[in-house]
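Here are a few notes to read alongside the model. Could you keep the sequence open as you go through them?

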Amino acid sequence: MANTDAYTTKASDSFRMEASKLMLAPADGTYNLIKIPKFALVTDCWIQIVTAFTVNASVEIGWMGNGATAVTDGFITDDIADPLNVGLKRGFNVAVSTFPGKYFNGASGAITATVLDKDGAVGNFRVFVQFTVIHS
């Protein structure tokens, strides 16, 4: 039996890297940080804790949109973000030690940060995301 061609014309010619605003002592809540266009494949995500939070706090990086239910910790869980310690932390899937990524094939969306500043914690952070748009 011969091979059957199933080639695609969908491709990308570049990656985009975007950074969020510096989040200065954010209050409790979920913040939409970076717009992600339709047909974008998110390939990497980082959080930079610029100023450590003063007391126990929780910061998670996730996503919303794409015609699906939002996932508050879809890229970086609080354990990885570790807001009590300054530094740049990278999202990864603890189960398989590779970044799970996210394909926004249904609609556009956004990278989100969900903050719970327990006991009035204050700290500063920013988020970086790398993605590419797959063209038809």
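**Notes on the loops, the core and the rings**

1. Let's start with A25, which is partly exposed because its relative accessible area is 38% (buried means under 20%, exposed over 50% and partly exposed in between, using a 1.4 Å probe and protein chains only). You'll find A25 in the loop between β2 and β3 (strands are DSSP runs of E with at least two residues, helices are runs of H or I with at least four, and both are numbered from the N terminus). The phi of A25 is near 40 degrees, a positive value in a residue other than glycine. Most residues other than glycine have a negative phi.

2. Before going on, a word on the source: this is a predicted model, where local features need pLDDT of at least 70 and side-chain atom pairs count only at pLDDT 80 or more, while totals for chains, interfaces and linings use all residues. Residues are numbered from 1 along each chain as its sequence is written, and side-chain values use heavy atoms, with hydrogens and water left out.

3. N66 also deserves a look: its phi is positive, about 65 degrees, although N66 is not a glycine. N66 sits in the loop between β5 and β6. Is N66 buried or exposed? N66 counts as buried, because its relative accessibility is 10%.

4. Another loop residue is S20, between β1 (16-19) and β2 (23-24). S20 counts as buried because its relative accessibility is 7%. Leaving aside residues up to four places away in sequence, S20 touches L33, I34, R126 and V127 (contact means heavy atoms within 4.5 Å).

5. Now the largest nonpolar core, which has 28 residues (such a core is a set of buried Ala, Val, Leu, Ile, Met, Phe, Trp, Tyr and Cys residues joined through side-chain atoms within 4.5 Å). Which of them touch the most other members? Those are I36, I47, I61, I111 and F125. Elements that each supply at least two core residues include β3 (29-36), β4 (40-51), α1 (78-81) and β10 (124-133). Beyond residues up to four places away in sequence, I47 has contacts that include V59, I61, I76, L88 and F125.

6. Finally, the rings: the whole structure has two aromatic pairs (Phe, Tyr and Trp rings, the last by its six-membered ring, pair if their centres lie within 6.5 Å; planes under 30 degrees apart are stacked, over 60 edge-to-face and the rest tilted). The centres of W63 and F104 are 5.9 Å apart and their planes at 80 degrees, so this pair is edge-to-face. W63 belongs to strand β5 and F104 to strand β8 (residues 102-104), so the pair ties together parts 41 residues apart in sequence. Both W63 and F104 are buried.
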